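This briefing goes through one protein model by topic, from its overall make-up to single residues. Please keep the sequence and the structure in view while reading.

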Amino acid sequence: PLFRSRDAIEHVCRLIRVIRQQRGNMLLIGIGGSGRQSLSRLAASILEYRVFQIEVSRHYRKVEFREDLKKLYYMAGVENKPTVFLFTDTQVVEESFLEDINNILSSGEVPNLYKPDESEEIRSALADDVKKSGIADQPDVVFA
């Protein structure tokens, strides 16, 4: 049984430690069926985090991927719901996906993800939280 082994418990503890960090992320490598997704989901569940995973279909391309990233950012940023983004090698349909993932991991931003009107919509949704926190209501500060 996967969840009884000491190794699995240690892996879940590592996952929890990293996931709890601000912008915490991990690259999990191993053979298929070794439990990476299951243990990641378990760690997220223990922390009461949501798990967000894209669903690739035959016609899934960059436009759909970017729309899913917008949903992820809205859930984690605007709704303020702690979220684990689970992304596997089989979901890399286009090389541009890896560029976006790299940007998320390195800076937290995906260049040109939002159109100006979408950015304004998000600023409006965050207006009350921005006022409460006392930060300047400027795009570069709100989206930081």
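In the protein, residues 24 or more positions apart account for 63% of the contacts with a separation of 6 or more, a contact being heavy atoms within 4.5 Å. This is a predicted model, in which local features need pLDDT of at least 70 and side-chain atom pairs count only at pLDDT 80 or more, while totals for chains, interfaces and linings use all residues. Residues are numbered from 1 along each chain as its sequence is written, and side-chain values use heavy atoms, with hydrogens and water left out.

**Confidence**

- The mean pLDDT of the protein is 89, and 93% of its residues reach 70 or more; pLDDT is the predictor's confidence in each residue, from 0 to 100.
- Confidence is highest in strand S1 (residues 50-52), at a mean of 97, and lowest in helix H6 (residues 139-142), at 66.
- Where pLDDT is low, the predicted coordinates should not be read in detail.

**Overall make-up**

- Six helices and two strands make up the secondary structure, and along the sequence they follow the pattern α-α-β-α-β-α-α-α; helices (H or I, at least four residues) and strands (E, at least two) are DSSP runs, numbered from the N terminus.
- The C-alpha trace spans about 50 × 40 × 20 Å along its principal axes.
- Of the 144 residues in the protein, 27% are buried, where buried means under 20% relative accessible area, exposed over 50%, and partly exposed in between (1.4 Å probe, protein chains only).
- The protein exposes about 10,100 Å², of which carbon and sulfur atoms supply 50%; accessible areas come from the Shrake-Rupley method with a 1.4 Å probe, and for residues only the protein chains shown count as cover.
- The mean positions of the 20 positive and 22 negative charges are 7 Å apart; Lys and Arg count as positive and Asp and Glu as negative, with His and the chain ends not counted, and the place of a charge is taken as NZ of Lys, CZ of Arg, CG of Asp or CD of Glu.

**Nonpolar cores**

- The largest nonpolar core has twelve residues, namely Phe52, Ile54, Tyr60, Phe65, Leu69, Leu72, Met75, Phe97, Ile101, Ile104, Val110 and Leu113; such a core is a set of buried Ala, Val, Leu, Ile, Met, Phe, Trp, Tyr and Cys residues joined through side-chain atoms within 4.5 Å.
- Helix H3 (62-78) and helix H4 (95-107) each supply at least two residues of this core, and the largest share, four residues, comes from H3.
- Apart from this core lies another, of ten residues, among them Ala8, Ile16, Leu39 and Leu47.
- Leu72, a member of the largest core, is in contact with Phe52, Thr83 and Phe85 when its neighbours within four places in sequence are left aside.

- Leu15 lies in helix H1 and is buried, with a relative accessible area of 5%.
- Not counting residues up to four places away in sequence, Leu15 touches Met26, Leu28, Leu39, Ser40 and Ala43; Leu15 and Ser40 are 25 residues apart in sequence and 6.7 Å apart in space, C-alpha to C-alpha.
- Val84, placed in strand S2 (residues 83-85), is buried as well, with a relative accessible area of 11%.
- Leaving aside neighbours within four places in sequence, Val84 is in contact with Ile19, Ala44, Tyr49, Arg50, Val51 and Phe52, while the C-alpha atoms of Val84 and Met26, 58 residues apart along the chain, are separated by 11 Å.

**Loop residues**

- Arg23 lies in the loop between helix H1 (6-19) and helix H2 (36-46); its phi is near 55°, a positive value in a residue other than glycine, and Arg23 is exposed, with a relative accessible area of 51%.
- Asn112, in the loop between H4 and helix H5 (116-133), has a phi near 60°, also a positive value in a residue other than glycine, and is exposed at a relative accessible area of 72%.
- Pro111 is placed in the loop between H4 and H5 and counts as partly exposed, at 45% relative accessibility.
- With neighbours within four places in sequence left aside, Pro111 is in contact with Arg66 and Asn103, whereas the C-alpha atoms of Pro111 and Ile31, 80 residues apart along the chain, are separated by 33 Å.
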